[in-house]
Amino acid sequence: MAIKDILTLVDLAGKQHAAQAALDLATRTGAHATGLTVAFEPVVPGFIAGPMPADYIEIARNQALKAARSAGETFTEMARKAGVAAELRTAEIITGGSAEAVLAHCRLTDLVVIGQDNPDAPEPMRELLIETVLFEAGVPVLVVPYIGGSLKMNNVMVAWDGSPTASRAVHAAMPMLQMAKKVTVMIVETGRRSTSGEPGADIATYLARHGLSVTVDVVPRPGSGVADAILNYVSDHDVDMIAMGGYGHSRMREFLFGGATREILASMTVPVLMAH
């Protein structure tokens with residue numbers, strides 16, 4: 001499917017790496033770009049016995065809207081300079097509350113672009129928003145690292161395990177794979193086979209039929225897990241972008257065992273396109 005509509009969550013501060021990546025991609029594809037700013041309304045702590053002064057709540061809300069408006073003006077100017085057809089929207093949510101107001105904007109777009117949480121300039125709910133959009137919006141998500149970097153497409157890597165989520169990521173990433181000079185299918189050896197024949201032969205054939213130059217590389221699984229195998233491969237092979245499935249587990253399982261998806265999102269150094 002062609003990318004005709006891109007939505008990006010605009011950072012409230014910083015260098016707007018996600019917005020820039022979205023506009024770069026819109027320029028290449030001719031897509032319309034929507035910048036979504038989020039105004040985080042204050043949450044009233046439950047342990048406060050008396051009601052919060054109305055003027056305090058109103059002041060805090062106005063400050064949140066002002067920050068969102070300022071970020072939106074930055075996005076609008078970036079889109080103007082890029083020559084991209086764009087619009088600006090704002091979603092208001094309560095800090096720590098439901099993200100449904102954001103999800104409503106994300107569900108009718110081809111791709112959501114969002115920046116990785118920046119530890120030097122953290123924003124409320126950023127990690128939660130990434131996970132919520134990935135698992136509940138029903139559209140692919142491109143997460144851009146906070147360290148920035150251009151959206152190069154020299155070597156795009158598909159992290160392939162034969163799963164439905166990996167398959168959805170490949171289909172979602174196809175427009176970007178077709179921009180790449182080289183596509184690397186990276187498979188972490190687990191000892192299990194989803195198909196007969198050489199590992200990766202099936203997806204390599206599929207991608208080759210779409211005119212892509214494909215290399216398959218099977219790597220041993222390190223003791224530290226799949227996420228480390230992927231991150232190490234990216235570092236060692238000059239990968240520009242990863243396409244992979246996003247996996248959701250229960251909070252208890254994440255707490256006890258960790259999760260490859262969360263580890264990738266925490267330690268990524270290149271853009272990651274995920275689908276669930």
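Predicted model: local features only at pLDDT ≥ 70, side-chain atom pairs only at ≥ 80, totals over all residues.

Visitor: How many helices and strands does the chain have?

Guide: The chain has 9 helices and 10 strands. Of its 276 residues, 45% count as buried.

Visitor: At what angle do H5 and H6 pack?

Guide: A pair of helices may be described by the angle and the distance between their axes. Helix H5, residues 164-177, packs with helix H6, residues 201-208, at an angle of about 45°, and the axes are 12 Å apart. The two helices are therefore oblique to each other, and the crossing of H5 and H6 is right-handed.

Visitor: Which residues of H5 and H6 meet?

Guide: From H5 come Val170, His171, Met174 and Leu177, and they meet Ile203, Tyr206 and Leu207 in H6. By class, this contact of H5 with H6 has 6 nonpolar residues, 1 polar residue and no charged residues.

Visitor: How is the pair H7 and H9 to be read, and within what distance do the axes come?

Guide: The reading follows the pattern of the previous pair. Helix H7 (residues 226-236) and helix H9 (residues 260-267) have axes that come within 8 Å and cross at roughly 35°. The crossing of H7 and H9 is right-handed. On the side of H7 the contact is made by Ala227, Ile230 and Leu231, and on the side of H9 by Ala260, Glu263, Ile264 and Ser267. These residues divide into 5 nonpolar, 1 polar and 1 charged.

Visitor: Let us turn to burial. Which residues of H6 are buried?

Guide: A residue counts as buried when its relative accessible area is under 20%. In H6, this applies to Ile203, Ala204 and Leu207. They cover an arc of only 105° around the axis, which puts them on the same side of H6. The elements against which these buried residues pack are strand E6 (155-159), H5, strand E7 (182-189) and strand E8 (214-220).

Visitor: Where do the buried residues of H9 fall, seen down the axis?

Guide: The buried residues in H9 are Thr261, Ile264 and Leu265. Seen down the axis of H9, they fall within an arc of 95°, so they line one face of the helix. Their cover includes helix H4 (126-136), strand E5 (141-144), H7, strand E9 (241-245) and strand E10 (272-275).

Visitor: May we now consider single residues? What does Val214 touch beyond residues up to four places away in sequence?

Guide: Val214 is in strand E8 and is partly exposed, with a relative accessible area of 25%. Val214 touches Val183, Val185, Ala204, Leu207 and Ala208, leaving out residues up to four places away in sequence. From Val214 to Ala204 there are 10 residues in sequence and 6.2 Å in space, C-alpha to C-alpha.

Visitor: Is Pro175 buried or exposed?

Guide: Pro175, which is in helix H5, is buried, with a relative accessible area of 14%. Apart from neighbours within four places in sequence, Pro175 is in contact with Met1, Ala2 and Ile3. Pro175 and Thr29 are 146 residues apart along the chain, and their C-alpha atoms are separated by 8.5 Å.

How values were computed: Residues numbered from 1 in each chain as written. Heavy atoms only, no water. Axes fitted to C-alpha atoms, helices over the stretch in contact; angles between N-to-C directions. Helix = DSSP H or I, 4+ residues; strand = E, 2+ residues; numbered from the N terminus. Parallel < 35°, antiparallel > 145°, perpendicular 65-115°, else oblique. Left-handed = near helix turned anticlockwise from the far one by under 90°. Contact = heavy atoms within 4.5 Å. Nonpolar A, V, L, I, M, F, W, Y, C, P; charged D, E, K, R; others polar. Buried < 20%, exposed > 50% of the residue type's maximum accessible area, 1.4 Å probe, protein only. Arc of directions from axis to C-beta.
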